[in-house]
Amino acid sequence: LPDWADSERTFLTKAQVFQARVEGALDRDIESILNVRKRMQYGDYVWNDRHVPRGTVWVRVDLKSQLLSVYRSGHEIGTAVILYGAEEKDTPDGTFPVLAKIKDHRSSTYDGAPMPYTLRLTGDGVAIHGSDVRWGRATHGCIGVPLPFAAKLFEQVSYGDQVVIVSGARTAEYASR
């Protein structure tokens, strides 16, 4: 373990990473995940990038568990409960590069609705952005995250960083959150 290991994160063994990849909970190898001490509800997030080295950032969105996780240098640095597409406008699965970053964006399709800290993923407007994340809300294909989390995510992510969106089965690691 690195000298900065503490109770805020769990370092994974190679066997745990292998199992998580087999179950579809991970798309690439990671070294640690954040310890989330309670079941997360709408609007909840955890962010801790203390001591995590600079490096490649990628984002994983699990639509089934309604969680977004941010990884840097193989360590989870943030996780949040999300909103996603309504039935008439699904959120797509796949791997998307961040195409644009717009801090104070407003929707040109939905009556100028505010979309702060937009990270555009597709040419037709699917993005991650700050939202009022609470029960009963949805987006029009976008991924909504709590506003303070959106600001932190916006600062970490660069153009071209990968966002992986999956709608797979809930796994034990995610179900515990």
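These legends accompany several close-up views of one predicted protein model.

In this predicted model, local features need pLDDT of at least 70 and side-chain atom pairs count only at pLDDT 80 or more, whereas totals for chains, interfaces and linings use all residues. Residues are numbered from 1 along each chain as its sequence is written, and side-chain values use heavy atoms, with hydrogens and water left out.

**View 1. Confidence along the chain.** The average pLDDT of the protein is 84, and 80% of the residues score at least 70; pLDDT is the predictor's confidence in each residue, on a scale from 0 to 100. Over residues 169-177 the pLDDT stays under 50, and for this stretch the model has 27 contacts beyond four places in sequence, where contact means heavy atoms within 4.5 Å.

**View 2. The salt bridge between arginine 60 and aspartate 27.** The whole structure holds six salt bridges, each defined as a side-chain nitrogen of Lys or Arg within 4 Å of a carboxyl oxygen of Asp or Glu. In one of them arginine 60 pairs with aspartate 27, and their closest N and O atoms are 2.6 Å apart. The two residues belong to distant parts of the chain, 33 residues apart, with arginine 60 in strand 4 (residues 57-62) and aspartate 27 in the loop between helix 1 (14-22) and strand 2 (32-34). Helices (H or I, at least four residues) and strands (E, at least two) are DSSP runs, numbered from the N terminus. Arginine 60 counts as buried because its relative accessibility is 1%, while aspartate 27, at 29%, counts as partly exposed; buried means under 20% relative accessible area, exposed over 50%, and partly exposed in between, using a 1.4 Å probe and protein chains only.

View 3. Lysine 38 forms a salt bridge with aspartate 44, with 3.3 Å between the closest N and O atoms. Lysine 38 counts as exposed at 51% relative accessibility, whereas aspartate 44 counts as buried at 18%. In another salt bridge, the side chains of aspartate 49 and arginine 72 meet at 3.5 Å, N to O. Aspartate 49 lies in the loop between strand 3 (45-47) and strand 4, and arginine 72 lies in strand 5, so this pair ties together parts that are 23 residues apart in sequence. Aspartate 49 is partly exposed, with a relative accessible area of 26%, and arginine 72, at 3% relative accessibility, counts as buried. Elsewhere, salt bridges that share partners join Asp27, Arg60 and Asp62 into one network.

View 4. Serine 69 is found in strand 5 (residues 67-72) and counts as buried because its relative accessibility is 1%. Its side chain is joined to that of glutamate 76 by a polar contact of 2.8 Å; a polar contact is a pair of N or O atoms within 3.5 Å, where within protein one must be able to donate a hydrogen and the other to accept it, and residues adjacent in sequence count only if both atoms are side-chain atoms. Serine 73, in the loop between strand 5 and strand 6, has a phi near 50 degrees, which is a positive value in a residue other than glycine. Glycine 74 has its place in the loop between strand 5 and strand 6 (75-81), and it counts as buried at 18% relative accessibility. Leaving aside neighbours within four places in sequence, glycine 74 is in contact with Ile30, Glu31 and Ser32. The C-alpha atoms of glycine 74 and aspartate 29 are separated by 7.0 Å, although these residues are 45 residues apart along the chain.

**View 5. The largest nonpolar core.** This core has 26 residues, of which Val59, Val61, Leu68, Val70 and Ile128 touch the most other members; a nonpolar core is a set of buried Ala, Val, Leu, Ile, Met, Phe, Trp, Tyr and Cys residues joined through side-chain atoms within 4.5 Å. Among the elements that give two or more residues to this core are strand 4, strand 5, strand 9 (114-120) and helix 2 (147-156), and helix 2 gives the most, with four residues. Not counting residues up to four places away in sequence, isoleucine 128 touches residues including Val59, Leu68, Tyr117, Leu153 and Val163. A second, separate core of nine residues includes Ala20, Trp58, Tyr71 and Val166.
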